[in-house]
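Hi there,

Here is the structure I promised to pass on. My notes on it follow below, and I hope they are handy when you open it.

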Amino acid sequence: MTTLRKLIVEGALALVLFAAPVMAQDAPVTTNTPGVDVPAPVDVPPAPTVDPQVQRGEYLAQMGNCVSCHTVHGGEPFAGGLPFKTPYMFLGTMYSTNITPDEETGIGTWTEADFVKAMHTGEGPNGPLYPAFPYTSFTKVSEDDVKAIYAYLRTVKPVKAEPPSNSFIFAGPFRFGMKIWNALFFDEGRYVADASQSEEWNRGAYLVNGLGHCSACHTPRNALLAEKSAEHLWGAVVPDVVAEGEYRPWYAVNLTQTQNGGLGGWSAEDIRKYLKTGHNRWGGSFGPMNEVIANSLSHMTDEDAKAMAAYIKSLPAAPDTPAQQMTDEEREAAAALYKKHCEECHAASGRGGFMKAPPVAGSVIAQGRDPASLINVILYGAEPAKSLNPPGAWETMRAFRDRMTDEEIAAVANYVRSSWKNTGSKVTAQDVARHR
Ligand code: HEC
Ligand code: HEC
Ligand code: HEC
């Protein structure tokens, strides 16, 4: 298998690309787009019955964040139609499907067995599904939990809505190329508890790697867009839809115990609080995490949030981000920019201020292996999801796109990436220009 994989990666890349493209991405609209509102969470009416299986299914569907991917901005919950792209933009666009119980356009005619098969193997009644649908994570979800989600989805309002037709590659018979991709990269199978770990840890691992599908964004992918299992949750670039036909890269940070650029400085309580409320002493949510928290993680029970945190705290550290050298002149000019534009909120010490701003010293966003999220924050500001307005949260951070040039933003980013023991590779004006 390894040799075959290597051969294909090196030799027949173009060919298999046609058969195997896909990259998951969740959020229809980022928070920080000029002229676009911070997305309100999708308003899903509560499950109409008191059937305990349906109620469990509702909770599990929230953990899987089905609604974020299967609902267009302002549309009916679960009716599908959200566009998805891979980093290979020329491959075309695919759309999420209607998973309401409508018989014609939804999954109303699906049996429970059809549904379980799709969630566990990525195989629908009409052939293989693309892994933008994160079945590579959902395969770990227990059969019982999948059946509860099915029971819940049977109770949501049926909506007659046909998603737009997939374009280019995703429209054609290339779907069947997924069989090759699955053979190479997909390990089908339920989560197996690790007997050497606590029950809490196992619950956390089950949620993070199963329904939570954190790795869909936080794990880097190979050229054929399969997650690199050796770099589990090391951080990865994800494209986010900002407007019709417009995409912006974000860096979904390293979630392992790395000191510089990972969650090494966050306690388990910091992690629990961020996931559940969108806010902790290190920062608040913005960008693609807004939807993950508003539509999914904020619904978690405290026990589940603690379990996720316990598991995440145990992830072995990925390498630190590399340090950079600035010349004295560069440093002086960059320090002046920081003083002028950032210091009022983030302080000269980089520690931020009570009710003002989170620290940039030690910030995971600031020290990302890829600077994409840091650049976005400076260009477009940062704003939490509207529904998450926890007491004690900061205000929003303004956008600097009209106040600073690309060179200035690169300089201030480098200052933040090389001060107060922070590390991070050099950001160039060209990097910034790509995000405009
Ligand atoms: C990251 C985005 C994403 C998330 C999260 C997601 N889906 Fe999907 N889903 C998709 C996309 C995209 C497709 C279409 C795939 C294709 O056309 O091959 C899809 C397809 C499906 C299908 C196949 C439907 C059909 O008509 O063929 C089912 C069933 C499904 N999803 C159920 C779910 C459930 C249940 C959840 C939550 C537990 C969920 N999805 C979460 C993106 C997502
Ligand atoms: C749709 C893609 C996506 C998914 C799914 C996702 N994340 Fe994220 N995450 C991001 C991005 C992008 C960032 C960095 C920018 C931001 O905060 O939006 C991030 C940032 C974070 C941060 C750091 C925040 C900070 O301020 O330093 C944590 C912690 C985190 N994610 C945890 C998780 C966990 C746990 C899961 C799974 C339950 C998860 N994420 C699922 C995209 C995602
Ligand atoms: C008016 C106050 C204000 C100013 C000025 C400001 N920021 Fe911020 N900044 C914030 C707030 C508030 C947040 C948190 C937003 C959220 O939680 O959604 C933030 C978040 C950040 C983050 C993310 C931290 C993390 O780890 O989550 C970075 C990095 C950052 N700012 C850098 C800068 C830089 C660089 C400048 C100067 C160019 C700057 N900020 C100017 C208020 C400010």
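**Helix packing and the ligand shell**

Helix α16 (residues 372-380) and helix α17 (residues 406-416) have axes that come within 11 Å and cross at roughly 125 degrees. Axes here are lines fitted to C-alpha atoms, for helices over the stretch in contact, with angles from 0 to 180 degrees between N-to-C directions; helices are DSSP runs (H or I, at least four residues), numbered from the N terminus. That angle makes α16 oblique to α17 (under 35 degrees is roughly parallel, over 145 roughly antiparallel, 65 to 115 roughly perpendicular, the rest oblique). On the α16 side, Leu374, Ile375, Ile378 and Leu379 make the contact, and on the α17 side Ile409, Val412 and Ala413 (C-beta atoms, placed from the backbone, within 7 Å). By class, this contact has 7 nonpolar, no polar and no charged residues (Ala, Val, Leu, Ile, Met, Phe, Trp, Tyr, Cys and Pro are nonpolar, Asp, Glu, Lys and Arg charged, the others, Gly among them, polar).

Helices α5 (residues 112-121) and α7 (residues 143-153) pack at about 120 degrees, their axes 10 Å apart, which makes α5 oblique to α7. Glu112, Phe115, Val116, Met119 and His120 of α5 meet Glu143, Val146, Lys147 and Tyr150 of α7, a contact of 5 nonpolar, 1 polar and 3 charged residues.

Around ligand 1 there are 23 residues, of which Gly64, Cys66, Cys69, Leu129 and Phe133 come nearest (C-beta atom, placed from the backbone, within 6 Å). The shell divides into 16 nonpolar, 6 polar and 1 charged.

This is a predicted model: local features need pLDDT of at least 70 and side-chain atom pairs count only at pLDDT 80 or more, while totals for chains, interfaces and linings use all residues. Residues are numbered from 1 along each chain as its sequence is written, with chains lettered from A and ligands numbered from 1 in the order in which they are written.

Best wishes

Terms used
Helix = DSSP H or I, 4+ residues; strand = E, 2+ residues; numbered from the N terminus. Contact = placed C-beta atoms within 7 Å.
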